[in-house]
Amino acid sequence: MFLLMVVVFVVGYGFIVFEHVNHINKAATALFIGTILWAIYALGGEGILSNGASASWLQFSKTHAKDVTYFITHHELFHHLSEISSILFFLVGAMTIVELVDKYQGFRVITSKIESGNIKRLLWIISLLTFFMSAVLDNLTTTIVLITVLRKLLTKQENRWVFASVVVISANAGGAWSPIGDVTTIMLWIGGQITAAHIIGSLIVPSVVNVLVSTALFSLFTVKGQSIKPVLPDDEMREFTTHQERVFMLVVGTLALISVPVFKTITHLPPYLGMLLGLSVLWIMTDRYLKKRSAADKRTLTVTAALKAVDIPTVLFFLGVLSAVAALQSAGHLDVLSRWLDNKVHNIYAINLLIGVISSIVDNVPLVAASMGMYSIEAADAVGMAGNFVQNGVFWTFLTYCAGTGGSLLIIGSASGVAAMGLEKINFLWYLKRISWIALVGYLAGALAYYIQIQLF
């Protein structure tokens, strides 16, 4: 049963990675493996836990009766469900706020400032805009917004693919240094491995190095310095909100998002409560504002309409993946992997660089979840090797960078990459041949910058 759980996870994840081949939604596969793994665990718990691999079971059995069924179905399941739920509530709140800003066409305040002209100049504008937007919003949302804009600026498919690739790399780099910029960063922040202020201060320089090196290589090797002309807007670009409404909603929505770290710092409550507080304030404001508007506006501009536009399959995908990883963690698989890495690799920089590369093949969400399960947060006064695993320790900080940016190495390696691939129908092999080496150089340059930063300070 212990090995069967590994087989189910690997096969199931194969179906997720090759979703474009089997045409089965990855959320369905993730939910399937998440529930099946817990079922196998519950049915074969005696045999699975008898090998002594599960650190959770060993700790539990010291202070409780050795009731395997209770341990799996109550203690472990509900413990992991509480952690998973906090992440999902955070995501739903954030996605709803972003959708509401989009409903009010708030992002047009930013995108309307992008002017056509020299293609290399536009490349740098898009790259830097993506980098900072993804830190405030998140990398997935930023990718969708900017690729939609690029469709209005670029007519040639090759150029659109190059620019979409720039967006993917910049969005992932921008999301890595922000506590709300990437799902994996959110997971580590909520899990207590990192704090908001530390991750911003520690990873802003490596992330900037990553995006500057990558964009410079794009500018030198992938585009030519020619002029471009914008595509005339179609019916989808019509205006149905005033400029004042768009600016107001963009400002208020952004404040709701960036106030979450402040809320956590002041109250010490979980970040998802701060996100839900921001959503509730926006909900009250928009409901009062729309009370005298037309029925059509009420159908379009309410939080209820934004909730209907939230990508629920993505939320369910995270639920399935995190549930599957939680089962492997509880059963002891991640403890076995942790011991193997310590014995064979040992170096924390090499471990994290390897995790980043693997995240370009396997989604970074389960990899980070696995890392959180493999290693515990050590006490603040830990010394030696254990000192790297304290809150804000080198291991957790470098993991945040590597998991956030390593997915750029392949188009399927991150949520933003998958979104770009779907929107622009980017060919996997085209990205591998033209873009992967650029992403790798940027990834390693940022990693080197972090290493030098640690040695100096």
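Helices (H or I, at least four residues) and strands (E, at least two) are taken here as DSSP runs, numbered from the N terminus. On that basis, the chain has 24 helices and 0 strands. Its radius of gyration, taken over C-alpha atoms, is 22 Å, close to the 23 Å from the globule rule (2.2 Å times the number of residues to the power 0.38) for 457 residues, so the chain is as compact as a globular protein of that length.

A quick word on provenance: this is a predicted model, where local features need pLDDT of at least 70 and side-chain atom pairs count only at pLDDT 80 or more, while totals for chains, interfaces and linings use all residues. Residues are numbered from 1 along each chain as its sequence is written, and side-chain values use heavy atoms, with hydrogens and water left out.

**Overall numbers**

The C-alpha trace spans about 70 × 55 × 45 Å along its principal axes. Of the 457 residues, 54% are buried, meaning under 20% relative accessible area with a 1.4 Å probe, protein chains only. Take contacts (heavy atoms within 4.5 Å) between residues at least 6 apart in sequence: 78% of them join residues at least 24 apart.

**The core**

A nonpolar core is a set of buried Ala, Val, Leu, Ile, Met, Phe, Trp, Tyr and Cys residues joined through side-chain atoms within 4.5 Å. The largest one here has 138 residues, and Met-5, Tyr-41 and Phe-163 have the most contacts inside it. Helix α6 (residues 68-103) gives this core its largest share, 14 residues. Setting aside neighbours within four places in sequence, Phe-163 is in contact with Ile-119, Leu-122, Leu-123, Ile-126, Leu-150, Leu-154 and Val-223.

Ser-371 sits in helix α20 and counts as buried at 1% relative accessibility. Not counting residues up to four places away in sequence, Ser-371 touches Ile-355, Trp-396 and Leu-399.

Most residues other than glycine have a negative phi.

| Residue | Phi | Loop |
|---|---|---|
| Asn-392 | about 70° | between α20 (364-374) and α21 (394-406) |

Is Gln-105 buried or exposed? Gln-105 is buried, with a relative accessible area of 8%.

Definitions and conventions
Buried means under 20% relative accessible area, exposed over 50%, partly exposed in between (1.4 Å probe, protein chains only).
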